[in-house]
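Student: Can we walk through this model together? I'd like to start with the core.

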Amino acid sequence: MHEGAIAVALIQDILEVREKENLSSLNTATVLIGRLHHVVPEVLQNHFGLLKKEYPPLVKTKLVIEIAPVAITCRKCGCETVIEKPEFSCSSCRSTDIEITGGREMHLKEIEGTKAQ
Ligand SMILES: [Zn+2]
C-alpha cells in the first residue's frame, strides 16, 4: 500500500494547489519522487487513476512522475555525486564520509491547469 498512501497524499496536495491558484480544471500534475522511496511509477499511476475518479476536478488530470536520482555530497571535499549503484562513496576523492543529499524528494513540481473565470 506504499504507492496507495502516496497517491492519497498527492491528491490532497494537488487539490490544495488548485484552491490556492484558483484553477477550474487541471491538465497535468508533475510530481518529483526521489529514487530512495522505491516507488514503482506504474503502480502509482494505477492508484492515482482509481482515486482521482472520486474527485471531479481531477478526473482529466494526467499524472507525470519524475524520479529524482540518488545523490550524495562528500563531507571531505564537498563534491556531489549522483549514484546509480548503492556505492556510497565520493566519485572525486573516494571518501565514504558522505551525506545523502538527493533521492528523498517527494513534492509536486508543476501543475498545469485552467484559471477559473
Ligand atoms: Zn570527496
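Tutor: First, a term: a nonpolar core is a set of buried Ala, Val, Leu, Ile, Met, Phe, Trp, Tyr and Cys residues joined through C-beta atoms within 7 Å. Buried means 20 or more other C-beta atoms within 10 Å of a residue's own, exposed means 12 or fewer, and partly exposed is in between, with C-beta atoms placed from the backbone. This is a predicted model: local features need pLDDT of at least 70, side-chain atom pairs count only at pLDDT 80 or more, and totals for chains, interfaces and linings use all residues. Residues are numbered from 1 along each chain as its sequence is written.

Student: Which residues make up the largest nonpolar core?

Tutor: There are 11 residues in all: A7, L10, I11, I14, L26, A29, V31, I33, L44, F48 and L63. Helices (H or I, at least four residues) and strands (E, at least two) are DSSP runs, numbered from the N terminus.

Student: What is A29 in contact with, neighbours within four places in sequence aside?

Tutor: I14, T61, L63, L108 and I111. Contact means C-beta atoms, placed from the backbone, within 7 Å.

Student: On to α2. Which residues are buried there?

Tutor: L44, H47 and F48.

Student: New topic. What is the strand order in the open sheet?

Tutor: β2-β1-β6, 3 strands with mixed pairing. Pairing takes at least two DSSP bridges between two strands. The edges are β2 and β6 (106–115), each pairing on one side only.

Student: How many bridges join β1 to β2?

Tutor: 7, and the two strands run parallel. T28 has K62 in β2 as its bridge partner.

Student: What does β3 pair with?

Tutor: β3 (residues 70–74) runs antiparallel to β4 (residues 80–83), with 4 bridges. V70 stands opposite I83, and I72 opposite T81. β3 also pairs with β5 (residues 98–102) in the antiparallel sense, over 4 bridges. There, T73 faces E99.

Student: Which face of β3 is covered?

Tutor: The one with V70, I72 and C74; A71 and T73 are on the uncovered face.

Student: And which residue in the β3 and β4 hairpin takes a positive phi?

Tutor: G78, near 80°. That hairpin has 5 residues between the strands.

Notes: Two residues are in contact if their C-beta atoms, placed from the backbone, lie within 7 Å.
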